Amino acid sequence: NLEWTLSCDSEEFRHVPARVPGHVLPALVEAGLVPDPNFGTQERDVQWVELVAWTFSTHVPLPPGWKEGEQARLEFEGLDTYAHVLIDGVEVLASNNAFRRWSTPPFQMPREGFRLDIRLDPVAQAGERVLGRHGLAVPAGNELKPIGKQTSPFTRKAGFQFGWDWGPRLA
């Protein structure tokens with residue numbers, strides 16, 4: 001098992017213990033840094049989380065029996081939409097769809113292993129860029145934004161995460 005941390009640019013949210021697979025909000029709740037959005041109206045208190053870039057980080061050691069320089073490839077079964085995978089600080093993969101599997105190109109394993117960072121871009125901001133390129137307003141009944149500002153139709157992730165009458169907006 002790898003030890004993961006979660007960070008953003010704020011000093012208060014650096015090196016938060018995290019689980020992978022996992023999500024940003026549960027890690028922040030578990031660390032006592034934000035309230036649980038599933039109780040009362042506390043979802044409003046965590047809406048800012050989707051506006052920030054978050055990074056999951058770990059060190060991946062050279063697996064037992066492997067030799068330095070052997071080829072490896074990482075496979076991801078659930079990158080949450082706009083993610084960037086970095087190996088030792090070099091981007092090797094960028095994703096834009098939470099509904100598919102992603103793989104890195106083959107790379108050589110360093111002797112000491114490598115640092116793995118998965119940076120998640122702010123989903124609404126990335127969606128706004130896609131919306132701007134599309135040029136058409138597509139209404140979304142689940143999103144409490146004016147028509148023409150709704151990004152969920154342009155973002156390949158579960159629509160319910162943008163809010164619905166039966167659930168909170170936790171994108």
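**Close-ups of a predicted model**

Trp48 is partly exposed, at 30% relative accessible area (buried is under 20%, exposed over 50%, partly exposed in between, with a 1.4 Å probe and protein chains only). This is a predicted model, so local features need pLDDT of at least 70 and side-chain atom pairs pLDDT 80 or more, while totals for chains, interfaces and linings use all residues. Numbering runs from 1 along each chain as its sequence is written, and side-chain values use heavy atoms, leaving out hydrogens and water.

**View 1. Ring pairs tie Phe13, Trp48 and Trp54 into a cluster.** Rings of Phe, Tyr and Trp (its six-membered ring) pair if their centres lie within 6.5 Å; planes under 30 degrees apart are stacked, over 60 edge-to-face, the rest tilted. Phe13 and Trp48 make a tilted pair, with centres 5.3 Å apart and planes at 45 degrees. Those two sit 35 residues apart in the chain. Trp48 and Trp54 are tilted too, with centres 6.1 Å apart and planes at 45 degrees. Phe13 is buried at 6%, and Trp54 is buried at 2%.

**View 2. Arg100 lies over the face of Trp102.** The distance to the ring centre is 3.6 Å. For such a call, NZ of Lys or CZ of Arg must be within 6 Å of the ring centre and within 35 degrees of the ring normal.

**View 3. Helix α2 spans residues 123-134.** Helices are DSSP runs (H or I, at least four residues), strands likewise (E, at least two), numbered from the N terminus. Val123, Ala124, Ala126, Gly127 and Leu131 are buried in α2. On the other side, Gly132 and Arg133 are exposed.

Definitions and conventions. Expected span 1.5 Å × (residues − 1).
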